[in-house]
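Biologist: I am new to this model. Please walk me through one part of it in close detail.

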Amino acid sequence: MTEPPRPPGSGDPGNYPPEPTSPGPSPSAEPPTAPLSGAPGPAGYPPPGGYPPPTGDQPPSGGYPPAGGYPPPGGYPPPGGYPAGGAYGGPGGGYANNEDKTWALVAHFGGALGALVSFGPLGFVAPLIAYLARGQQSPTVRAHALAALNFQILWSIIAFVLLFVSWCLLFLPSIAVVVIQILFGIIAGMKANDGTPYRYPMTANFIK
């Protein structure tokens with residue numbers, strides 16, 4: 001025997017099971033397992049596509065930095081992080097680059113060659129060219145060129161004077177001066193090839 005129907009709004013007097021509904025789902029009803037629109041899905045997760053886009057300042061899942069964010073093993077800097085020429089400077093032992101070394105050799109060997117060709121008076125030409133061409137850009141070339149230039153200026157003047165005097169005297173003094181210019185120019189060039197500055201003996205500081 002069933003309980004007669006109650007009017008709407010009356011409370012449930014007991015723990016009676018609800019009245020059976022008509023079989024078959026309603027055409028407009030959602031499946032019982034489908035989440036409500038805008039409501040989080042199962043276990044508190046938002047619906048698919050509801051995650052905010054990741055930002056650049058957030059690490060990926062797991063707390064690890066992104067790929068490529070680790071320093072290289074052993075604490076060494078990455079490739080290409082070392083200064084040019086390593087820790088020992090540029091080529092030649094004391095030069096920043098090969099161009100500086102070339103101009104230093106021009107100053108010394110060129111001075112010796114100029115003295116040989118002109119028989120003394122033009123020994124200063126090559127050091128002067130090296131000083132003007134590269135001395136303002138490279139302190140190393142400037143030091144080599146000034147050393148050679150001051151030496152060759154002094155002995156070029158001596159050679160020039162002795163050339164006139166030697167017309168009346170023997171050529172021995174002029175030959176001795178030229179030999180001195182050539183000898184010390186070659187010695188300084190050999191030192192410069194090893195990257196070592198050379199201090200010319202019997203020189204003067206005409207240019208500073």
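This is a predicted model: local features need pLDDT of at least 70, side-chain atom pairs count only at pLDDT 80 or more; totals for chains, interfaces and linings use all residues.

Modeller: Residues are numbered from 1 along each chain as its sequence is written, and side-chain values use heavy atoms, with hydrogens and water left out.

Buried means under 20% relative accessible area, exposed over 50%, and partly exposed in between, with a 1.4 Å probe and protein chains only.

Next, confidence. pLDDT is the predictor's confidence in each residue, from 0 to 100. Its mean here is 73, and 54% of the residues reach 70 or more. Over residues 80–92 it is below 50.

The protein has four helices and zero strands. Both kinds are DSSP runs numbered from the N terminus: helices are H or I with at least four residues, strands E with at least two.

Now the cluster. Its members are Phe151, Trp155, Phe184, Tyr198 and Tyr200. Rings of Phe, Tyr and Trp (its six-membered ring) pair if their centres lie within 6.5 Å; planes under 30 degrees apart count as stacked, over 60 as edge-to-face and the rest as tilted. The whole structure holds five aromatic pairs.

Take Phe151 and Trp155. Their ring centres are 6.4 Å apart and their planes meet at 40 degrees, so this pair is tilted. Both residues sit in helix α3, four residues apart, about one turn of the helix.

Phe151 is in helix α3 and Tyr200 in the segment after α4, so the pair ties together parts that are 49 residues apart in sequence. Tyr200 is buried, as is Phe151.

The surroundings come next. A nonpolar core is a set of buried Ala, Val, Leu, Ile, Met, Phe, Trp, Tyr and Cys residues joined through side-chain atoms within 4.5 Å. The largest one has 15 residues; among those with the most contacts inside it are Phe151, Phe184, Tyr198 and Tyr200. Helices α2 (125–134), α3 (139–165) and α4 (172–193) each give two or more residues to this core. α3 gives the most, with seven.

Technical notes: Contact means heavy atoms within 4.5 Å.
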